Amino acid sequence: MNLSVAGMIQFFRKPLFSDFRFIFGIYAAATLFASIKAVFLFGSNNYSIFYFSLHHLIEGKSLYDVYPVEYSDHFHYAPTFAALFAPVFALPYAVGLFIWQFLFAAVWVVAVYRMPWTHGQKVFAYWFGLQELFTSVVGSQTNPLIAAISLFTFLCFEKRQPIWAAFFILLGFNIKIYSLVAAALFLLYPQKLRFLVYMVGWGVVLALLPLLFTSPEKLWWQYEMWVKQLFIKSDGDKWANTSIHRLVHLLISPNIATPAIIGTGVMLFCTVYIHVRRFGERTFRMLMVASVLIFQVIFNPVAESPTYITAVTGVICWWFVSPQTWLDRVLLLSCFVLTVLSPSDIFPGFLREQLVKPYVLKALPCVLIWFRILYLMHVPSNVPKPAPELQATVLS
């Protein structure tokens, strides 16, 4: 049996597996399973944190206090988060929880469908990302939306719609601040000043959105609490994350500070901006999208397993424009096994507990792929011409 990546692609090109109706049915079934599991069996602490945020905002309570009767852990999001999802949180708890998974799974599926990829590439993306998406939605996470936001931002920039690119970036920021990394794309496109003006405008609109539910004084107080909570969260246990931070602490030194790691990552990320003449190449821009998606996960000092749907989406973007050499194939396969499959029941439990978790092997393939992306962006001779669909104008 041919176990190569090419063999996998050929397998999934069979009519049934490449039929979007079948694929979407699989996604719907998986999401339905996650929703039933959450509503009728185990509940969802994450959704409880989200759900009660609207009530606390309306009642004038701190969003960031501990409420052990309602949920464990803390609310880490901007006050705008509670207002944005008010239509869902206003529903009965069980109803909102049931549709929560469908909402974010659907957004990711739509974002992939809108990308300027061939039918076969989209099919590959859906099958490659299925398990990772399920890992996220089963925990009622917002991460599929965060992954989709970078894709929508890219599409808006490609269609010269800076107003909507700015909207998606600020939307992501108010959900998870690391999604602000997507703003790095604006330097590759014209209308930069207009984009910055829209960023300010959308920033004000979204920051003031919670005024629909609270007073200006209370809202200002909530923002003060939010900033304090962000510093508390970023200063957490350095051995409790699944990112490059823990890899550095394991392999180099546990004394390397988090700001030093992030700062080094930012500097490496920005080195590609020296290739101004290549900004007009769709392949270069697609690699930038991949870098953005992976960066915001692997350099997040509090990254955890469900956040990797964002990084895996970046891996998919990279794969379609990579040279697909033996090295690229090994990296892709290692990502599928260690990043995508390792949290699942089909992965041997003893290997997960003895190797993957202790040595952060879920993060390692994405880290290596990110460095591979940087290399490809600096060495254009190793980057192939994109497929015709990537050269064409993005479909409206």
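**Close-up 1. Helices α9 and α10 cross in this predicted model, with their axes coming within 8 Å.** In the predicted model, helix α9 covers residues 162–173 and helix α10 covers residues 192–208, and their axes cross at roughly 45 degrees. That angle makes α9 oblique to α10, and α9 passes α10 in a right-handed crossing. On the α9 side the contact is made by P162, I163, W164, A165, A166, F167, I169, L170 and L171, while α10 brings R194, F195, Y198, M199, W202, G203 and L206. Sorted by class, the contact of α9 with α10 has 14 nonpolar residues, together with 1 polar and 1 charged.

**Close-up 2. Helices α2 and α6 pack with their axes within 9 Å of each other.** Helix α6, which spans residues 93–114, has an axis that crosses the axis of α2 at roughly 155 degrees; because angles over 145 degrees count as roughly antiparallel, α2 is described as roughly antiparallel to α6. The crossing of these two helices, α2 and α6, is right-handed. From α2, the residues F20, F24, Y27, A28, T31, L32, A34, S35, I36, A38 and V39 meet A94, L97, F98, Q101, F102, A105, W108, V109 and Y113 of α6. The contact of α2 with α6 contains 17 nonpolar and 3 polar residues, and no charged residues.

**Close-up 3. Helices α8 and α14 pack against each other with their axes 10 Å apart.** Helix α8 runs over residues 143–158 and helix α14 over residues 282–298, and the angle between them is about 155 degrees, so that α8 and α14 are roughly antiparallel to each other. The crossing of α8 and α14 is right-handed. In α8, the residues I146, A147, S150, L151, F154 and E158 meet R282, R285, M286, V289, V292, L293 and Q296 in α14. By class, the residues of the contact of α8 with α14 divide into 8 nonpolar, 2 polar and 3 charged.

**Close-up 4. The second largest pocket holds about 330 Å³ of space.** The lining of this pocket is made up of 14 residues, and those that lie nearest its centre are Q131, F134, T135, V138 and P343. In terms of residue class, the lining of the second largest pocket has 6 nonpolar and 6 polar residues, along with 2 charged residues.

How values were computed:
Residues numbered from 1 in each chain as written. Predicted model: local features only at pLDDT ≥ 70, side-chain atom pairs only at ≥ 80, totals over all residues. Heavy atoms only, no water. 1 Å grid on protein atoms, 1.4 Å probe; cavity = no way out; pocket = protein on both sides within 12 Å on 5 of 7 lines; lining within 4 Å. Points joined across faces, edges and corners; volume = space filled by probe spheres on them. Nonpolar A, V, L, I, M, F, W, Y, C, P; charged D, E, K, R; others polar. Axes fitted to C-alpha atoms, helices over the stretch in contact; angles between N-to-C directions. Helix = DSSP H or I, 4+ residues; strand = E, 2+ residues; numbered from the N terminus. Parallel < 35°, antiparallel > 145°, perpendicular 65-115°, else oblique. Left-handed = near helix turned anticlockwise from the far one by under 90°. Contact = heavy atoms within 4.5 Å.
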